[in-house]
Amino acid sequence: MALWGVVGFTGCDDNDDVTNLPEVIENAFNDKFPDATWVEWERKAGYYVAEFRQDGMDVEAWYDNQGSWRMTESDFGRNLTLLPQAVQTTFQSSGYSQWTVDDIDKYECPDKTFYLIEVKKAGQRDRKLFYSQDGLLLKDVEDKENDDVLPTISF
């Protein structure tokens, strides 16, 4: 397994590098992401998390202790054009369209797919905007330090 040698992911203090990955998790990951490169494993919030590159994008895949895939996060950077048209349209017609886009991520879970657009504006608190695939705004919350999206998220 290749080790990630480029700074690209920011970790929290409670994250631990994985030096002995359980075989069931490694096999599940390799089956789901056979084209992944630059793979590095961590423990976050009780999950095994693979950070890797796929199709030119930074991706994280989350697995529970039994090797079940729980979530994939794909980093779109600030590229709104990677979003489904419905999400682009809803965002562009919102009051946040004039704010600066700080980051965009796609989240895929066994039971849902959603998008997160993080925005900021001078003099305002940063916001996290969660959208469904069809452009429905699911949640609008203040962006706080260390409030990562976990596989258990609900709307």
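Two strands pair if DSSP finds at least two bridges between them. Strands (E, at least two residues) and helices (H or I, at least four) are DSSP runs, numbered from the N terminus. The model is predicted: local features need pLDDT of at least 70, side-chain atom pairs count only at pLDDT 80 or more, and totals for chains, interfaces and linings use all residues. Residues are numbered from 1 along each chain as its sequence is written, and side-chain values use heavy atoms, with hydrogens and water left out.

**Exercise 1. Residues with positive phi**

Task: State which residues take a positive phi in the hairpin of β2 and β3 and in the hairpin of β3 and β4.

Solution. 
Step 1. Most residues other than glycine have a negative phi.
Step 2. The hairpin of β2 and β3 has two residues between the strands, and Ala45 takes a positive phi near 50 degrees there.
Step 3. The hairpin of β3 and β4 also has two residues between the strands, with Asp55 at a positive phi near 55 degrees. Asp55 is not a glycine. Asp55 counts as exposed because its relative accessibility is 73%.

**Exercise 2. The buried face of helix α2**

Task: Identify the buried residues of α2 and the strands against which they pack.

Solution. 
Step 1. In helix α2 (residues 85-92), the buried residues are Val87, Gln88 and Phe91.
Step 2. Seen down the helix axis, these residues fall within an arc of 100 degrees, so they line one face of α2; the arc is that of the directions from the axis to the C-beta atoms.
Step 3. An α-helix has 3.6 residues a turn, so residues three or four places apart point the same way.
Step 4. The buried residues of α2 pack against β6, β7 (112-120) and β8 (127-132), where contact means heavy atoms within 4.5 Å.

**Exercise 3. The second largest pocket**

Task: Describe which strands supply the lining of the second largest pocket and how its residues divide by type.

Solution. 
Step 1. On a 1 Å grid over the protein atoms alone, a pocket is an open set of points where a 1.4 Å probe fits, with protein on both sides within 12 Å along at least five of seven lines; lining residues have an atom within 4 Å of a point.
Step 2. The lining includes Asp55, Val59, Trp69 and Glu108.
Step 3. β4, β5 (69-77) and β6 (100-109) each supply at least two lining residues. The largest share, three residues, comes from β5.
Step 4. The lining divides into four nonpolar, three polar and four charged residues. Ala, Val, Leu, Ile, Met, Phe, Trp, Tyr, Cys and Pro count as nonpolar, Asp, Glu, Lys and Arg as charged, and the others, Gly among them, as polar.

Definitions and conventions: Buried < 20%, exposed > 50% of the residue type's maximum accessible area, 1.4 Å probe, protein only.
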